[in-house]
Amino acid sequence: SQVSFEEESQNPPAVGHWKPLMPSKGDKEEPESGCQDAGGVHEPQSTEQLNVSRLRSSSVEIREKGSEFLRDELHKAQKELKLKDKECERLSKVREQLEQELEELTASLFEEAHKMVREANTKQAAAEKQLREARGKIDMLQAEVTALKTLVITSTPSSPNRELHPQLQSPSKAGFRKGHGRNKSTSSAMVSAASQNVAPEPTSRECKEVDSILFAEFQAWKESPTLDKSCSFLDRIYREDVGPCLDFTKQELSELVRVAVEQNTLTIEPVASQTVPVGKVAAEECGGPKKCALSGLPRTCKHRIMLGDSGNYYYISPSCRARITAVCNFFTYIRYIQQGLVRQDVELMYWEVMRLRREMSLAKLGFYPSEM
């Protein structure tokens, strides 16, 4: 037995050999001669083989369960991949749909923009055409205004043009004869004075010479026309013409008349043709048909004035009316210049201003047309 033990210790044990579960046909089972020869060691070896078989079965079971788990995981991953593929396909369709809608929207926007541009061009062409037509009408109206201004300049309240106002001929003459029919010498004297003021066709040509100082002041004012009397041009005219011409005996009323003339709110009405409405019967009427409200002298008053919308009427004599209308004519003309309605040479405008200043000077001295 001792010898067999030594032999067994020298030979490797049979436990170290692994056998596959399903041996192939080519494999041969090893003889268990060693185990049979070992008499007393048979039972421990069988126990070890049983343990090995158990280990082998457990490892096989583990392998099967692992492979089954992996197959399940693979199926899950495949399902998820299919879902992801479907989601990607759906998102691709959504993207294609959005791209198509974006292209359609861009195309519609470009089409709308082109349409708006075409409409704008059409409207611009129509507006330019209307502008050209309006400019033509403006030029025509300016020519008409120029012609009318020429007529207005030649026909003022102080010296009306009988050809433009034929209704003034018979009534004015009749009123003049009626108002001064008692004193023939006085009427003849006034007619002669009026005829001198009207100045029929002169036999010799009038000589004129431009004053350099006055012309320089007018040119400076013409560069930037204003109604502010602080400028040298209007300051001189106020001192030399407007102030003296509107300086009447009644100082307070004279100041109100001057302000109304400057603000273009003064109204002159003929007394004979004026019918006072019922609502204005109680309005204050200073002076009277036989007394001038500005001079305070007994004069035949054929006109009356109203300052603004006050409703108060003031009777004025022909001389006072001539002085007021002369100043009104001057302010009307310089307002035309300020508004750009007068398109003449500077020298012609200057001489027209000098003519209006001469009318104010003559009116201040007491010369006025018989029609007043």
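Mentor: A residue is called buried when its relative accessible area is under 20%, exposed when over 50%, and partly exposed in between (1.4 Å probe, protein chains only). The structure is a predicted model, in which local features need pLDDT of at least 70 and side-chain atom pairs count only at pLDDT 80 or more, while totals for chains, interfaces and linings use all residues. Residues are numbered from 1 along each chain as its sequence is written, and side-chain values use heavy atoms, with hydrogens and water left out.

A salt bridge here is a side-chain nitrogen of Lys or Arg within 4 Å of a carboxyl oxygen of Asp or Glu. By this rule there are twelve salt bridges.

One of them joins E240 to R357, with the closest N and O atoms 2.6 Å apart. This pair links distant parts of the chain, since E240 belongs to helix α7 (residues 232-245) and R357 to helix α10 (residues 346-365), 117 residues apart. Helices are DSSP runs (H or I, at least four residues), numbered from the N terminus. R357 counts as buried because its relative accessibility is 9%, whereas E240, at 38%, is partly exposed.

Helix α10 also holds the pair E359 and R355, which are four residues apart and so separated by about one helical turn. Their salt bridge brings the closest N and O atoms to 2.5 Å. R355 is partly exposed, with a relative accessible area of 21%, and E359 counts as buried at 16%. Salt bridges that share partners join E217, R236, E240, D241 and R357 into one network.

K65 is exposed at 52% relative accessible area, and E61 is partly exposed at 41%.

Finally, E64, E68, D72, E73 and E80 form a negative surface patch. Such a patch is made of residues with over 30% relative accessible area and no salt bridge, like charges being joined within 9 Å. Asp and Glu count as negative. D72 is found in helix α3 (residues 42-154), and with a relative accessible area of 38% D72 is partly exposed.

Technical notes:
Patch = residues over 30% accessible without salt bridge, like charges linked within 9 Å, V, L, I, M, F, W, Y side chains within 5 Å. Areas by Shrake-Rupley, 256 points an atom, 1.4 Å probe, with all protein chains shown as cover. Charge placed at Lys NZ, Arg CZ, Asp CG, Glu CD. Helix = DSSP H or I, 4+ residues; strand = E, 2+ residues; numbered from the N terminus.
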